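These are my notebook entries on one protein chain, written for someone opening the structure for the first time. I put the questions down as I looked things up.

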Amino acid sequence: MVDFPNNPVKAEDISRLDENSVNLGIPKAFLMECAGLQATNKLMEKYDLNSSSKVIVFAGTGNNGGDGFVIARHLATRGINVIVALIGRASQIRTEESQRNWHILSSLVLTCQTEEIVDSSNIRLFVDKNSKADILVDALLGTGVKGKIREPIASIIDVYNQYKCPKISIDVPTGIDPNTGKIFHKAVNWDFRIAFHRDKIGIYKFPNSWVAPIGIPVESHILIGEGDLQQCLKLRSHSNHKGEYGKLLIIGGSENFSGAPALAALIAIEFGIDLVNVLVPKNIANTVRQYSPNLIVREGTNKNLCIDDFFMAKELSSWADAIVIGPGLGKSEKATTFFKKYVSWLLASKKPCIIDADGIGLLGELLATEQVNLLNSNCLITPHKNELKSIISIEKIPANDSYFASCDFFYKNLAKIGGNYLIKGVNDYIIPQGCQNPKEIRINRTGCPEMSVGGTGDVLAGLCGSFAALGNSLAHSAGCAAFLNGLLGEYTKKILGSRIKASDLILHLRSFLKSKNL
């Protein structure tokens, strides 16, 4: 049995957990059914409902309304007199799960009354017919409310509050901000509240509340899933200008390696980042330019990056939203001197940065000599198991598939050092900055053996930088990048067979995201 904390969460995290549950094979319709049944059982127990009881359910057109439809159906099958007031048109119900439950409810013509309220004139007629009830159920807006409440729900809230009977809110009382507990505009009064899975961080201290388990497994919290990806893939606003959808700087390359920084930059271009700058040594700059005219290539002063390139790197870093340093950097004396001076400045600047590939070993040297401190930094370090040894100087690391042993090990050895980590392997482990216990470590399981070819780590670094450039935290960026990178490998393998290369992942990124409607 895994003991997992029951701490409250933000409202958007519930949507993420729902989607992650779908990844695990649990349809959203199952979760809605469990939620409605749990709420029904609680209502029957708390209010001693029987065949002479009358319940009015006020339901909206979102998933909160869908929960209300399920509650109504289960009450009706137990002989309770149920009336459902849908605030809006049935054609406006927004999700497949809610639509299905409305259609089921609408067919129960012998046991359940349904009515659509589309404007204020319908409200008075409804109240005249249903002026009394034993309990009211608020399933109007839930977590979906933002700003001023629109009609007809604004008027419904006033009517709802005038009833003289117990009032029950489902998940979140309509009109309350679930993340702050503040009233947006106006809100329903409630006597009891039933929340699902986890309570919301802004209202968990409210009295007269009960949190019902609905079948979301612990794995939805631990394993990276599509819910995480959807949360981190920001949409462009209509008013976006060039650069507002991310500015990313890639620093790397050496006299022998031009492909690594190019792969990291090219995946960012395909991802949709507005502007990608690549700082590489002078003698490979033209080679990198030839990969794509969309890249902005800045060239150093020598065949390897050196101390003379520090001021250009500093200037470009001030421009960028996130920086990736390390792909193809090499370990020449000049590159080492440049890296140590630049990264010492970068860590102190608190700019979001990803330290990858050759940069990891060089960072290990800085840590060993106490020239830098990661405890208050804003960096992500992306080692595989062998590279990790340069950070923590321990030879024996648990087997990658030993989930909880690995989490305990990484927590004990990395949390005290500071920084965010993406430990790459068959399973990827994401350790966030300030990790307080091993249960905060996330795991990614996507990918395939064919991804062991050279360059896929550079693609992963570019994806980490892309998510970070959109303003996501480095821990979330690492998890989503690992998840997406692994899915890309699986997707590319299905199309091309078992012989794939890193550039194939880049070529298939857009078609993959389109196939997922992302």
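**Entry 1: the largest pocket.** What volume does the largest pocket have? I found a volume of about 920 Å³ for the largest pocket. I note that this is a predicted model, in which local features need pLDDT of at least 70 and side-chain atom pairs count only at pLDDT 80 or more, while totals for chains, interfaces and linings use all residues. I number residues from 1 along each chain as its sequence is written, and side-chain values use heavy atoms, with hydrogens and water left out.

For my own record, a pocket is an open set of points on a 1 Å grid over the protein atoms alone, where a 1.4 Å probe fits, with protein on both sides within 12 Å along at least five of seven lines, and lining residues have an atom within 4 Å of a point. The volume is the space filled by probe spheres set on the points, which are joined across faces, edges and corners.

I then looked up the lining of the largest pocket, which holds 35 residues, with Ile14, Ser15, Asp18, Asn63 and Thr143 nearest the centre. At least two lining residues come from each of α1 (11-23), α2 (28-47), α3 (63-77) and α8 (226-232), and α1 gives the most, with seven residues. Helices (H or I, at least four residues) and strands (E, at least two) are DSSP runs numbered from the N terminus. By class, the lining of the largest pocket has 11 nonpolar, 13 polar and 11 charged residues.

**Entry 2: the second largest pocket.** The second largest pocket has a volume of about 720 Å³. It is lined by 26 residues, and Asn7, Asp13, Arg16, Arg442 and His476 are the closest to its centre. Two or more lining residues come from each of α1, α7 (219-222), α8 and α17 (474-496), and the largest share, four residues, belongs to α17.

**Entry 3: strand β6.** Why is β6 (residues 192-196) largely enclosed by the rest of the structure? Five of its five residues are buried, so the rest of the structure largely encloses this strand; buried means under 20% relative accessible area, exposed over 50% and partly exposed in between, with a 1.4 Å probe and protein chains only. Phe192, Ile194 and Phe196 point one way from β6, whereas Arg193 and Ala195 point the other way. In a regular strand the side chains alternate between the two faces of the sheet.

I also checked the neighbours of β6, counting two strands as paired if DSSP finds at least two bridges between them. Strand β5 (residues 167-170) runs parallel to β6 and is joined to it by three bridges, with Ile168 opposite Phe192. Strand β7 (residues 209-212) pairs with β6 in the parallel sense over four bridges, and there Ala212 is the bridge partner of Phe196.

**Entry 4: helix α4.** Which residues of helix α4 (residues 96-106) are buried? I listed Glu97, Ser98, Asn101, Trp102 and Leu105.

**Entry 5: the whole chain.** Of its 518 residues, 56% count as buried.

Key:
Nonpolar A, V, L, I, M, F, W, Y, C, P; charged D, E, K, R; others polar.
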